[in-house]
Amino acid sequence: MEVLFLGVGEACDEHHANTSVLLTTGDGCRILLDCGFTAAHRLFAHCRSAEEPHAVWISHFHGDHFFGIPLLLLRLWETGRTEPLTIISLQGGRDKVLAALELAYPGFEAKLQFPLIFKELDPGARLEFGGLTWQAARSIHSCTNLGLLLQDDRHRLFYSGDGRPTPETEQLMQGADLVIHEAFSLKDSIANHGSVLSCLDLARRADIGHMALVHLERNVRTGGAEVITTLLSEYPRIWLPTEDDRILLGDTPDLVPAR
Ligand SMILES: [Zn+2]
Ligand SMILES: [Zn+2]
């Protein structure tokens, strides 16, 4: 499984695209995790075929996590996609996505020449797609957000979306080769968001292979850079990825940067 960081930023960061990750499974299935305001353009730079991605996951319905989807649909229409696009989210995804599309490009849904397939994933339930088992659990966020575990027969990847960990998300990420977690603040000072320090606590408690910290508040990322670098120097398996970082979840316990 290959993990490509398309964006690592929060909603308003002028230097980093909204947090978004493109997965490529061993079978070549490409799955986009979140597609915010600025993520779609980063995807376009990496997906040259109109038939990619095969699926999109929406962790929650904040604009920096799904307002790029109307633009994605426009581009896929324009470039002649024919295969279905599967959109997986918590309950209500169909209504939210189609409402956003109607606001962005009125009447455009009827023009799409490829099917949209909506699937819903409830906390505690399982879903099979792309050769992966999908499971989700609620975090603590200002609207309902699902942390996602994707699993094949060899690898486990957890993607937090937004929000502080809960006992349920922590349980889900146990044994994960890679946890991609939001760390909006330095410490838990912002309600409904995770932090760098709480992620370090999580890494100490949970059985986690590696952890990538994303979605840092822009002033924390810049003003707190020195402090964060010092903190992370004690945790060689936790890092701050940046755009275009590409990682292979291989058979070895260490992550291998993809070429
Ligand atoms: Zn959010
Ligand atoms: Zn966000």
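This note goes through the predicted model point by point, from the whole chain down to single residues.

1. Conventions. The model is predicted, so that local features need pLDDT of at least 70 and side-chain atom pairs count only at pLDDT 80 or more, whereas totals for chains, interfaces and linings use all residues. Residues are numbered from 1 along each chain as its sequence is written, chains are lettered from A and ligands numbered from 1 in the order in which they are written, and side-chain values use heavy atoms, with hydrogens and water left out.

2. Overall dimensions. The radius of gyration of the chain, taken over C-alpha atoms, is 17 Å, which agrees with the value near 18 Å that a compact globule of 259 residues would have; the globule rule behind that figure is 2.2 Å times the number of residues to the power 0.38. Along the principal axes, the C-alpha atoms fill a box of roughly 55 × 40 × 35 Å.

3. Of the 259 residues, 55% are buried, where buried means under 20% relative accessible area, exposed means over 50%, and partly exposed lies in between (1.4 Å probe, protein chains only). The accessible surface comes to about 11,100 Å², and carbon and sulfur atoms hold 51% of that area, as computed by the Shrake-Rupley method with a 1.4 Å probe. The chain carries 22 positive and 35 negative charges, and their mean positions are 1 Å apart; Lys and Arg count as positive and Asp and Glu as negative, while His and the chain ends are not counted, and each charge is placed at NZ of Lys, CZ of Arg, CG of Asp or CD of Glu.

4. Secondary structure and contacts. The chain has 8 helices and 15 strands, these being DSSP runs numbered from the N terminus (H or I with at least four residues for helices, E with at least two for strands). Among the contacts with a separation of 6 or more, 60% are between residues 24 or more positions apart, a contact being heavy atoms within 4.5 Å.

5. By contrast, S11 and S12 run parallel, joined by 6 bridges, and here Val179 stands opposite Met211 in S12.

6. Strand S12 and helix H6. Because 6 of the 7 residues of S12 are buried, this strand is largely enclosed by the rest of the structure. Helix H6 (residues 196–205) has Val196, Ser198, Cys199, Leu200 and Leu202 as its buried residues. These buried residues of H6 pack against helix H5 (167–172), strand S11 (176–182), strand S12 (208–214), helix H8 (225–232) and strand S13 (238–239).

7. Strand S1. All 6 of the 6 residues of S1 (residues 2–7) are buried, so this strand too is largely enclosed by the rest of the structure. S1 pairs with S14 (residues 246–248) in the antiparallel sense over 3 bridges, Leu4 having Arg246 as its bridge partner in S14. S1 also pairs with S2 (residues 20–24), again in the antiparallel sense, over 5 bridges, and Gly7 stands opposite Ser20 in S2.

8. Phe66. This residue, placed in helix H2 (residues 63–66), is buried, with a relative accessible area of 4%. Leaving aside its neighbours within four places in sequence, Phe66 is in contact with Cys35, Gly36, Ile58, His60, Phe61, Lys96, Val97 and Ala100.

9. Backbone points to inspect. A cis peptide bond, with omega about 0°, joins Glu52 and Pro53, and Pro53 lies in the loop between helix H1 (39–46) and strand S4 (55–58). Asn192, in the loop between S11 and H6, has phi near 70°, a positive value in a residue other than glycine, and is partly exposed, with a relative accessible area of 26%. His215, in the loop between S12 and helix H7 (218–223), likewise has a positive phi, near 60°, but is buried, with a relative accessible area of 3%.

How values were computed: Pairing = 2+ DSSP bridges.
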